Amino acid sequence: VYRPLNYPEIMLWRVNRWARQTPWTAPPRPGSAEAGRVSLNVRLMLNERRGEVINIAHFGKTSKMASITFTGLPGGNMPPYLTVRQAEYVAQQASAWDADALPVAEKALGGWRVSLPAGLSRQVWLDFRPDRATCRPGRYLGGMNLSFGNGTKLYVPIDLTVESLRMPDRKTVGVTMWDYTDCGGQFGLQDGP
């Protein structure tokens with residue numbers, strides 16, 4: 001369906017990380033403003049955890065693997081503060097499908113491997129969690145390299161800023177559900193230090 005409409009075999013695009021994603025989520029039309037160059041701008045503190053996403057559409061006839069490595073960021077091809085996750089689709093009672101499960105992508109050849117089913121879209125999460133030992137505060141201009149079995153290579157620029165402010169090493173509040181903290185500690189939520 002997509003190839004006769006001039007979609008390339010492999011296409012990258014960005015959406016908000018909380019936007020719903022199904023296997024049939026369509027990328028922007030080729031040539032549109034939304035289909036322009038894909039880049040990531042990540043800004044976070046030491047010990048903070050932040051996710052960013054890239055969508056990959058694969059309109060080939062057979063499934064493929066994408067190999068992912070990084071350049072220009074502290075830590076080499078596989079920075080220790082960055083984990084690649086492959087969103088998996090889950091059937092739900094209320095809606096047909098949603099990309100909810102985020103298992104860690106397979107590690108291989110100094111990078112990660114992500115499977116790309118034929119004719120579908122895949123979402124890849126980049127899970128950032130820098131600490132002083134793995135990524136010093138500063139601004140880093142690097143990128144994500146994606147290579148595919150057919151010889152296609154794509155590059156996503158990443159502008160990473162790690163602030164010198166630091167989140168605590170130890171969690172100070174544990175909340176397992178949404179609740180208001182000014183109501184006397186309902187549902188096991190307690191006042192206190």
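Select strands 11 and 12 to start: the two run antiparallel and are joined by 10 bridges. (Strands here are DSSP E runs of at least two residues, helices H or I runs of at least four, all numbered from the N terminus; two strands count as paired if DSSP finds at least two bridges between them.) This is a predicted model, where local features need pLDDT of at least 70 and side-chain atom pairs count only at pLDDT 80 or more, while totals for chains, interfaces and linings use all residues. Residues are numbered from 1 along each chain as its sequence is written, and side-chain values use heavy atoms, with hydrogens and water left out.

**The hairpin**

Strands 11 and 12 form a hairpin with four residues between them. Click on Gly151 in the turn, which has a positive phi of about 95°. Then pick Ser147, which sits opposite Lys153 in strand 12.

How does the confidence look here? Over the chain the average is 84, and 83% of the residues score at least 70. Where pLDDT is low, the predicted coordinates should not be read in detail.

Where is the parallel pairing? Strand 2 pairs in the parallel sense with strand 12 (residues 153-166), over seven bridges. Show Val42, which stands opposite Leu160 in strand 12. Thr161 is also in strand 12, and is buried at a relative accessible area of 16% (buried means under 20%, exposed over 50%, partly exposed in between, with a 1.4 Å probe and protein chains only). Leaving out residues up to four places away in sequence, Thr161 touches Val42, Arg43, Leu44, Gly138 and Arg139; a contact means heavy atoms within 4.5 Å.

Next, select strand 4 (residues 64-71) and strand 9 (residues 111-116), an antiparallel pair with five bridges. Ala66 faces Val114 in strand 9.

Move on to the open sheet of four strands, in the order 1-3-10-5 with antiparallel pairing. Its edges are strand 1 (10-13) and strand 5 (82-86), each with a single partner strand, so one side of each is left without a neighbour in the sheet. Ignoring direction, neighbouring strands here are turned by 25° against each other on average. Strand 3 (residues 50-58) and strand 10 (residues 120-128) run antiparallel, joined by nine bridges, and Ile54 stands opposite Val124 in strand 10.

**Into the core**

Hide the cartoon and show side chains. The largest nonpolar core has 32 residues, and Ile56, Phe70, Val84, Leu126, Met144 and Leu160 have the most contacts inside it. (Such a core is a set of buried Ala, Val, Leu, Ile, Met, Phe, Trp, Tyr and Cys residues joined through side-chain atoms within 4.5 Å.) Centre on Val84: among the residues it touches, not counting those up to four places away in sequence, are Ile68, Phe70, Trp112 and Leu126.

**Zooming out**

Overall, the chain has zero helices and 12 strands, and 38% of its 193 residues are buried.

Terms used:
pLDDT = per-residue confidence, 0-100. Axes fitted to C-alpha atoms, helices over the stretch in contact; angles between N-to-C directions.
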